[in-house]
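Biologist: Could you walk me through one part of this predicted model? I would like to hear the reasoning behind the words you use.

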Amino acid sequence: MKIAFRMDDITADMNWDNFLRMKDLFDRYGICPLLGVVPYNQDPKLGCGRARDDFWEYLVGLQEAGWTIAQHGCYHVYTTGKGGLFPLNLFSEYAGVPFEEQREKIRLGKRRLEEKGIETDIFMAPGHTYDRNTLRALRESGFCFLTDGFGKEPYRREGMVFLPIAKKRSACFGPGEGYTTLVLHVNGMSGKEMDWYEGMFARHREKLISYERLLELSAKERGFVGNLAEYLTASGKRVLVEARSRGGS
């Protein structure tokens, strides 16, 4: 299994100490991840300190150096209790929101990135949640890729190419061929977790790829059975996580 990486919740006031430590690791191994950039962050949970003044210029520099950028929602504010087509969570910025409102928020965020010198056709939904109106709004707004879903290779659904994420971290290192993405939330990463990534990079260098490699792969259309299996798997994973959370409280 080849492993790419995405880093969520990229904002001007994120945890820069954690981000830069992970950046050093990626640079050491010549790996360029995907960055999910929030255009107009209004989620106070993502703020970890003083905002970096040269944030947008810094991102443009990373993109020029080979890092890939995705639009991570618009405001990163959850306004519904819907899980949509991929119910890993029951909260969303998009799922359950009227089509016109979704399209306006998507286009607003896209304009913001473009004004800052960043062009992308990759979307990253906050909370991993979206519905059919989201996919339609993305298509009409010039997006081609969505970084989510489960599978061993990119697939097509309703006119979009989906770039799957890992169901669980341990599954990336077993036998078998294919491609997946590990999701990193650097804001809340502990030193122990970053140490784990240091060791993992050293042990599994041959498995690691830059995110742009995924964009070069061909994608096959996936039908009803595959989509249903994905929905049930995402629902089951959410229920299991919720049960573990209740058991530990």
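Biologist: What makes β1 and β2 a pair?

Modeller: Two strands pair if there are at least two bridges between them. Three bridges join β1 to β2, so they count as paired, and they run parallel.

Biologist: Why is the crossover from β1 through α1 to β2 called right-handed?

Modeller: Point the strands away from you and follow the path from the first strand over the helix to the second: if the path runs clockwise, the crossover is right-handed. The crossover from β1 through α1 to β2 is right-handed, so its path runs clockwise in that view.

Biologist: How do you know that the length of α1 agrees with what a helix should span?

Modeller: Helix α1 covers residues 16-29, which is 14 residues. At 1.5 Å a residue they should span 20 Å, and the end C-alpha atoms are 20 Å apart, so the two agree.

Biologist: What makes N15 a cap for α1?

Modeller: A polar contact needs N or O atoms within 3.5 Å. A side-chain oxygen of N15 lies 3.3 Å from the backbone nitrogen of D17, so the pair is inside that limit, and N15 caps the N-terminal end of α1.

Biologist: Why do you say that both faces of β2 are covered?

Modeller: Buried means under 20% relative accessible area. L34 and G36 on one side, and L35 and V37 on the other, are all buried, so both faces are covered.

Biologist: What makes β2 and β3 a pair?

Modeller: They share four bridges in the parallel sense, and at least two are needed, so they pair. L34 stands opposite T68 in β3.

Notes. Residues are numbered from 1 along each chain as its sequence is written. This is a predicted model: local features need pLDDT of at least 70, side-chain atom pairs count only at pLDDT 80 or more; totals for chains, interfaces and linings use all residues. Side-chain values use heavy atoms; hydrogens and water are left out. The expected span of a helix is 1.5 Å times one less than its number of residues. A polar contact is a pair of N or O atoms within 3.5 Å; within protein, one must be able to donate a hydrogen and the other to accept it, and residues adjacent in sequence count only if both atoms are side-chain atoms. Buried means under 20% relative accessible area, exposed over 50%, partly exposed in between (1.4 Å probe, protein chains only).
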